[in-house]
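Please walk me through this structure. Take the aromatic side chains and the helix packing in turn.

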Amino acid sequence: ILLSGVGVVGSIFNKTKWGRVLLIVYAIILAILVLMEIIGGVVAAVRKDDVVAIFETSARATFADYLKNKVVWDNFQANIDCCGVYNSTDYTKLAGNVSIPVSCCNIA
């Protein structure tokens, strides 16, 4: 919100010295953010196996305590059409014989 405000104020007062300074600051910060996103994407692509391993470890840990994290997992499954960490058998293997919820895509 602050960065957007800098850009708006800079564009409104672009005829003044401070308006131009704000626009330059806005452009520099925006360029840094874009560069950081590009670098993050490249690192994630290069280290894909590490990213997947970290995600799977975290997912298994939270899924093991499914009842405590039920709302998060149900929303996640409903939004990306998945079921468990790997498949619907995770409810018996990882979560300890929890019945498969409606949010699971394998329910028809």
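Is W73 buried or exposed? W73 is buried, because its relative accessible area is 5%, and buried means under 20%, exposed over 50%, partly exposed in between (1.4 Å probe, protein chains only). This is a predicted model: local features need pLDDT of at least 70, side-chain atom pairs count only at pLDDT 80 or more, and totals for chains, interfaces and linings use all residues. Residues are numbered from 1 along each chain as its sequence is written, and side-chain values use heavy atoms, with hydrogens and water left out.

Helices are DSSP runs of H or I, at least four residues, numbered from the N terminus. F76 is partly exposed, with a relative accessible area of 31%.

Now the rings. The structure holds 6 aromatic pairs. Rings of Phe, Tyr and Trp (its six-membered ring) pair if their centres lie within 6.5 Å; planes under 30 degrees apart count as stacked, over 60 as edge-to-face and the rest as tilted. The W73 and F76 pair is edge-to-face, because the ring centres are 5.5 Å apart and the planes stand at 85°. F63 and Y66 make a tilted pair, at 5.6 Å centre to centre and 50° between the planes. Both F63 and Y66 are buried. One aromatic cluster takes in F55, F63, Y66, W73, F76 and Y91.

Next, the helix packing. Helix α1 (residues 2–12) and helix α2 (residues 17–46) have axes that come within 8 Å and cross at roughly 145°. Axes are lines fitted to C-alpha atoms, for helices over the stretch in contact, with angles from 0 to 180 degrees between N-to-C directions. Contact means heavy atoms within 4.5 Å. Among the residues in contact are L3 and V6 of α1, and L22 and L23 of α2.

Terms used
Helices (H or I, at least four residues) and strands (E, at least two) are DSSP runs, numbered from the N terminus.
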